Amino acid sequence: MNTFSYIINGVHKTSNEIIEVNNPATGELIGKYYASTIEDVEEAIATAKSQQKIWGKLSQEERDQFILQIADAIGSNKSYLAEWITKEQGKPLNGPGAQFEMDACIGWTQVPASLQLSDEIVFEDNTRKDVLKRLPVGVVAAITPWNRPLMIAIWQIIPSIKMGNTVVIKPSEYTTIASLELFRIINDILPAGVLNVVTGDGKIGAHLTAHQDISKIMFTGSIATGRRIIEASTKNMARLTLECGGNDAGIVLPGTDMHQIAEGLFWGSFLNMGQTCAALKRLYVHEDDLDATVEALTTVTKNIKMGNGIEEDVFLSPLQNQMQYDKVNALLEQTKNNSNAKIIIPNPEIPTQGYFIPITLVTGVDHGDAIVDEEQFGPVLPIITYTTLEEAIRKANELEVGLGASVWGTDEHTLDSVAQQMEAGTVWINQHGAIHPFVPFGGVKQSGYGVEFGIEGLKAVTLPKIISYKK
Ligand code: NAD
């Protein structure tokens, strides 16, 4: 069985600590990896710092050539990497699963290479001209979560290296092998030291993010860790892009045909078993539409098979790890304390082994119930009824998070008006979680700072510098 290594300065490294990895669908041991040491973090940062001086001098066009080769290499290894995602992360190979994540990796690599962030004349008259240039920030510390391990790594790496930075990345300790295999493929193309990789848990992440030579931190993960990263950045004053958790609300306008939108609602909520930052995690429907909502979502659920994601016809899979499995089950247990709550399991046929939880709809709950107030990050959707749209909007905005949100229905004026009032980084209309590599994405409130993707995402990994000419 293979033990996977991490890469510093283009060299594959091993250590005395070996971590075993099991398949969340079967419990089977699938591989091992070496955990990095604090000395490795130091070496990775020192390498990245010296290499940045060379890499940062190339033009954007020269770096784009490397990035386009990376896109091709990911394409050639798509099936291999998708299989690793399925075995390690759990998501199905097919449907909106691991192959879909690999397509996203290719798209989010090609699009930044197609964009140009040029110098800008921000002021000019007959006395002066002021030009805004975009310089590399330096060494970027990148920290990924376990839910979309490869796609999120690409979101962090590609804009960073395009804009002349070098990177030290630490993948989630739960999804390290698939990540290491992607980083190996990228490293085969890049000059040594542009992308350095360290493995391990929060201790390694904490050392990396607090280091004096880190100038930018790109973090995707929980709000609790996001707060620790803000504290770490008080030491090095690193610039931050924080993509933290959410608890996205979706509002369905009264009288909407539920069968028309049920599939969109279903995948908006249960994509990756709800382990998606911008999944629909609270659904608000008019009190007269509750029965139709449950019926329509039940019909969709009954037609989708849950199982080991490596099987062709499986589109729903296990949760990724024991911690998340226990957390979702604990929230369901707590829900049972509310005598008004009704827990509906449309399709209870699930494998007996592995971290499987069936798709679950919960009615009769409201704000004040943990299943509504907390980000469940699992296959459970609370459906909350409202009497007036004003009440639905007020409740949707009540929490201290605002990553995505959605509004569903047919009346364009009302859809637009509700979208304007919902507090979130993105409000989707008649879809949810529909991110795109050209469209900036980020949260408001405690869901994070800054945006990724598109030109705005490129700006976020640069330092603005003004050259001011006297005429
Ligand atoms: P997590 O915060 O537990 O871990 C994320 C990463 O941070 C891991 O690599 C972990 O090792 C590292 N880490 C832990 N402690 C650290 C520290 N003190 N300093 C530096 N790094 C540290 O999150 P998770 O459980 O892996 O992911 C789930 C969460 O991520 C959910 O809340 C989800 O909403 C969020 N998420 C957000 C987005 C987004 O784009 N907004 C995308 C995906 C996931």
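Trainee: How far does helix α5 reach from its first C-alpha to its last?

Mentor: In this predicted model, helices (H or I, at least four residues) and strands (E, at least two) are DSSP runs numbered from the N terminus. The expected span of a helix is 1.5 Å times one less than its number of residues. For the 14 residues of α5 the expectation is 20 Å, and the reach found is close to it, at 20 Å.

Trainee: What kind of model is this, and from what number do the residues count?

Mentor: The model is predicted, so local features need pLDDT of at least 70 and side-chain atom pairs count only at pLDDT 80 or more, while totals for chains, interfaces and linings use all residues. Side-chain values use heavy atoms, without hydrogens and water, and along each chain, as its sequence is written, residues are numbered from 1.

Trainee: How many residues of α5 are buried?

Mentor: Buried means under 20% relative accessible area, exposed means over 50%, and partly exposed lies in between, with a 1.4 Å probe and protein chains only. Helix α5 is mostly covered, and its buried residues number 14 of 14.

Trainee: Which residue just after α5 takes a positive phi?

Mentor: The position follows directly on the end of α5. Its phi is about 95°, and the residue is G164.

Trainee: Is N165 buried or exposed?

Mentor: N165 lies in the loop between α5 and β9 (166–170). Leaving out residues up to four places away in sequence, N165 has contacts (heavy atoms within 4.5 Å) that include Q52, W55, P136 and V461. Because its relative accessibility is 0%, N165 counts as buried.

Trainee: How far apart are the end C-alpha atoms of helix α4?

Mentor: Helix α4 covers residues 98–114, which makes 17 residues. At 1.5 Å a residue they should span 24 Å, which agrees with the distance in the model, 25 Å.

Trainee: Which helices are included in what covers the buried residues of α4?

Mentor: The buried residues of α4 include A98, M102, W108 and V111. Their cover includes α2 (60–76), α3 (78–89), α5 (149–162) and α15 (454–459).

Trainee: How much of the ligand's area does the protein bury?

Mentor: Polar side-chain atoms lie 2.9 Å from a ligand oxygen in W146 and 2.6 Å from one in E173. Accessible areas come from the Shrake-Rupley method with a 1.4 Å probe; for residues, only the protein chains shown count as cover. Taken alone the ligand exposes 850 Å², and the share buried by the protein is 90%.

Trainee: How far apart do the C-alpha centres of domain 1 and domain 2 lie?

Mentor: Domain bounds come from an automatic or database domain assignment, which gives domain 1 (3–244 + 447–470) and domain 2 (248–429). Across the two, 24 residues of domain 1 are in contact with 28 residues of domain 2. The distance between their C-alpha centres is 31 Å.

Trainee: Is F377 buried or exposed?

Mentor: F377 is in the loop between α12 (370–373) and β17 (380–386), and its phi is positive, near 55°. Because its relative accessible area is 11%, F377 is buried.

Key: A polar contact is a pair of N or O atoms within 3.5 Å; within protein, one must be able to donate a hydrogen and the other to accept it, and residues adjacent in sequence count only if both atoms are side-chain atoms.
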